[in-house]
Amino acid sequence: MLDTTALESFPSLISHGINVAGEISAPPSFQLPNSNDFDGFVKETIQMVKPAKGTTTLAFIFKEGVMVAADSRASMGGYISSQSVKKIIEINPYMLGTMAGGAADCQFWHRNLGIKCRLHELANKRRISVTGASKLLANILYSYRGMGLSVGTMIAGWDETGPGLYYVDSEGGRLKGNRFSVGSGSPYAYGVLDSGYKYDMSVEEASELARRAIYHATFRDGASGGVASVYYVGPTGWKKLSGDDVGELHYHYNPVTPSTVEQEMVEAAGP
Amino acid sequence: MSIFEYNGSALVAMVGKNCFAIASDRRLGVQLQTIATDFQRISKIHDKLFIGLSGLATDSQTLYQRLVFRHKLYQLREECDMKPETFASLVSSMQYEKRFGPYFCQPVIAGLGDDDKPFICTMDAIGAKELAKDFVVAGTASESLYGACESMFKPDMEAEELFETISQALLSSVDRDCLSGWGGHVYVVTPTEVKERILKGRMD
């Protein structure tokens, strides 16, 4: 059964059943287009809306909490449409979600998840766990499976059991883990992240590892770039640690040393 | 992505006062993955003639090698360097020879002709010449380059100002293209000297 609570833009103003005898309220629906080949039309629409997952996002659990990092480039094929997209979404003060895939899909369903989490808090007088929140999102996305949503997100947060990290995607998958990276730049980020990871890192070491991993992914992957944002989720909630422009980070990690004239002449005489 | 966007490239050439400048990006990629950040796209034919080849990297290397061969033969027979106009016709006819199985390259040719008059031209993959008096562009970032050059170009610029203008046009255009960038390579050629410079750009 589809969860359409978020799709109804306004509630029905007519109260059913009081003065109208025997009328059953129709379930929510939308008009279908007139077309000869409806299946082909649906397939084409899905392809049109389907954006490329050109991005790099990562998150990992360590001793002090959860570290979440992402780039900020949005690309349409070869064209860079923006270098300043917020890919780390603040669901509530102690939970973060990352964006990969369709921007609209991720933003909308993360906000919807935030609403559901708040409702849970009010109904149960306690905060929702990361397990619960990720399950809510996964169930919603599963019900829309095959309809063309494109979401590859990580839900990171701190609850009563400590730090929590889940990967949730629009195919309906939900995985619990300690280290994830999502997007076209994820292979490069995994390389740096996996080789530098230690559980007993301090917050500074972990944030530098996350920043480096995003930087290396933006260097090698054409669809990632812009600003490397790093967020930390601890017992008191999330905090943004840094947002460094990747163009400047390159020269910070690889300073330009001017070569002397003698060196240049030697190189010119080489093979 | 099309075959022209497989490796990614950006090339631009501009005319100044008795000089010209030709610039390229330095990235070699395989679709979205970056393989090298020091790829040479512009090559010297002789002291007053440069050719930049954008598009599929393997075809641009092969086409360049064949052009060097033809130019060396010309030098031996005619005992002088080829004029840029003649060279452009040579490139165009070599590309049209492969009309039904083309080289996937778009050349940008820049040189100083008779009386050191600057000459620039570009071609499509099958040899259609486009001569221009101000600037020519090629590569995956060509649409951004057209916009940047159109707004930044002024006629009759001196060598230093021309260098600044072409560098700004190149860097701002490749910053809007996923497939090109990672630095820049600029040659500014006057009748007396050739200045080669590497640009520091965004490496993302």
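In this predicted model, strand E8 (residues 162–169) of chain A is joined to E9(A) by 3 bridges, and the two strands run antiparallel. One residue pair can be picked out here: Tyr167(A) has Leu175(A) of E9(A) as its bridge partner. Strands of a sheet pair through backbone hydrogen bonds, in either a parallel or an antiparallel manner.

The E8–E9 pairing belongs to an open sheet of 5 strands in chain A, ordered E5-E6-E7-E8-E9, with antiparallel pairing. The edges are taken by strand E5 (88–92) and strand E9 (174–176) of chain A; each has a single partner strand, so one side of each is left without a neighbour in the sheet. From one strand to the next, the twist averages 20°.

Two helices of chain A pack on this sheet. Helix H2 (residues 103–124) touches E5, strand E6 (95–98) and strand E7 (152–159) of chain A, and the direction of H2 makes about 20° with that of E5(A). Helix H3 (residues 130–143) of chain A is in touch with E6, E7, E8 and E9 of chain A; here the direction of the helix makes about 5° with that of E8(A).

Further along chain A, a helix pair comes into view. Helix H5 (residues 203–220) and helix H6 (residues 246–253) of chain A pack at an angle of about 105°, their axes being 10 Å apart. Since angles of 65 to 115 degrees count as roughly perpendicular, H5(A) and H6(A) are therefore described as roughly perpendicular to each other. On the H5(A) side, the contact is made by Glu208(A), Arg211(A), Arg212(A), Tyr215(A), Thr218(A) and Phe219(A), while H6(A) contributes Val246(A), Leu249(A), His250(A), His252(A) and Tyr253(A). Sorted by class, the contact of H5(A) with H6(A) holds 5 nonpolar, 3 polar and 3 charged residues.

Turning to the interface between the chains, 26 residues of chain A are in contact with 17 residues of chain B. About 1800 Å² is buried between chain A and chain B, and carbon and sulfur atoms give 49% of this area. Which residues of chain A lose the most area to chain B? They are Phe219(A), Arg220(A) and Tyr251(A), which together account for 30% of what that side buries. Between chain A and chain B, the count of salt bridges is 2. A salt bridge links the side chains of Asp245(A) and Arg202(B), at 2.8 Å from N to O.

Definitions and conventions
Residues numbered from 1 in each chain as written. Chains lettered and ligands numbered in written order. Predicted model: local features only at pLDDT ≥ 70, side-chain atom pairs only at ≥ 80, totals over all residues. Heavy atoms only, no water. Axes fitted to C-alpha atoms, helices over the stretch in contact; angles between N-to-C directions. Helix = DSSP H or I, 4+ residues; strand = E, 2+ residues; numbered from the N terminus. Parallel < 35°, antiparallel > 145°, perpendicular 65-115°, else oblique. Contact = heavy atoms within 4.5 Å. Nonpolar A, V, L, I, M, F, W, Y, C, P; charged D, E, K, R; others polar. Pairing = 2+ DSSP bridges. Buried area = accessible area lost by both parts, 1.4 Å probe. Salt bridge = Lys/Arg side-chain N within 4 Å of Asp/Glu carboxyl O.
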